[in-house]
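Good morning, colleagues. Please look at the sequence and the structure as I put them up.

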Amino acid sequence: MTPRIYTGEEIEKIRESALLVSDTLAEVAKMIAPGVKTIELDRMAEAFIRSKGGVPACKGYEGFPFTLCISVNEVVVHGFPSEKPLQEGDIISVDCVIEKDGYHGDSAYTFTVGKVEEPVLNLLTATKESLYKGIEQARAGNRTGDIGNAVQSHVEARGYGVVRELCGHGVGARMHEKPDVLNYGKKSSGTLLKKGMVIAVEPMITLGKRDIGIARNGWEVYTRDGKPAAHFEHSMAITEGAAEVLSDFERIENILKSK
Ligand code: MF3
Ligand code: CO
């Protein structure tokens with residue numbers, strides 16, 4: 001399967017879905033506090049998305065039971081929302097995919113709950129930075145390995161681990177399309193990027209070792225050493241110049257600043 005090339009009109013539809021994801025994550029940001037149950041975030045998100053004419057695309061995807069993937073502390077990705085209240089010092093990665101009018105947007109953000117230890121804050125900073133290092137390489141003529149190499153160099157230089165078992169991907173008509181976008185690798189390797197491709201870049205970075213396990217529910221990915229992991233994700237369209245980032249962290253961070 002060769003990666004799909006999207007028209008400008010289609011990219012606008014993907015942007016609409018991606019911005020609805022950003023608005024959903026901004027609504028989540030408003031609610032995050034010690035004592036809040038993550039299932040409450042999921043319920044709010046589903047109602048919010050449907051009220052805007054979107055469909056929560058994770059719900060029912062290969063049997064995933066929720067609207068949001070909510071991954072707390074040592075859970076890397078694909079966490080299940082639950083009745084367990086958030087606690088001061090937790091970090092919580094929230095990943096959301098929405099389909100609207102036939103096109104998908106995909107984005108994730110890692111939030112802090114109350115006061116979080118300095119080393120964990122540094123992990124969040126480096127993971128978000130690595131996403132933008134990857135995005136700098138996401139342009140026509142480069143290859144997916146240029147993105148992976150940029151992410152990997154940034155975080156490994158700081159002593160963090162890159163989870164190897166999961167990766168970014170093409171996104172648009174379906175949630176997961178070609179190409180795979182690994183978060184590690186060699187420059188000039190992998191799939192050639194072309195104008196009109198739409199991809200999601202999503203570093204999953206560990207404070208400790210990069211080894212992971214899968215929970216008995218078949219979904220939740222956790223760090224073997226029990227140390228926290230962070231996850232940030234943007235959807236973006238490839239152009240001849242800088243990638244057009246279709247999701248928007250500003251909508252989330254404006255809420256965080258006002259809290
Ligand atoms: N949003 C995830 C990704 O970045 C996919 C969630 S997995 C699902 O690819 F099964 F829950 F949808
Ligand atoms: Co994704």
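In this predicted model, an N or O atom in the side chain of Asp 106 stands 3.1 Å from an oxygen atom of ligand 1. His 169 also places a polar side-chain atom 3.1 Å from an oxygen atom of the ligand. For Glu 202, the corresponding distance from a polar side-chain atom to a ligand oxygen is 2.8 Å. On its own, ligand 1 has 330 Å² of accessible area, and the protein covers 97% of that.

Which pocket does the ligand take up? The space of ligand 1 is the largest pocket. Around ligand 1 there are 14 residues, the closest being Cys 58, Asp 95, His 176, Glu 202 and Glu 233.

I turn now to the metal. The cobalt ion, ligand 2, is coordinated at 2.0 to 2.3 Å by OD of Asp 106, NE2 of His 169, and OE of both Glu 202 and Glu 233. Along the sequence, the spacing of these donor residues reads D-x62-H-x32-E-x30-E.

Why is the arrangement around the cobalt ion called irregular? Ideal angles for six octahedral donors are 90 or 180 degrees. Here the 6 donor atoms subtend angles of 51 to 168° at the cobalt ion, and the arrangement is therefore irregular.

Conventions. Residues numbered from 1 in each chain as written. Chains lettered and ligands numbered in written order. Predicted model: local features only at pLDDT ≥ 70, side-chain atom pairs only at ≥ 80, totals over all residues. Heavy atoms only, no water. Near = heavy atom within 4 Å. Polar contact = N/O pair within 3.5 Å; in protein donor to acceptor, adjacent residues only side chain to side chain. Areas by Shrake-Rupley, 256 points an atom, 1.4 Å probe, with all protein chains shown as cover. 1 Å grid on protein atoms, 1.4 Å probe; cavity = no way out; pocket = protein on both sides within 12 Å on 5 of 7 lines; lining within 4 Å. Sits in = over half its atoms within 2 Å of the grid points. Donors = N, O, S within 2.8 Å, 3.2 Å for Na, K, Ca; no water. Tetrahedral: all angles 85-135°; square planar, octahedral: opposite > 155°, others 65-115°.
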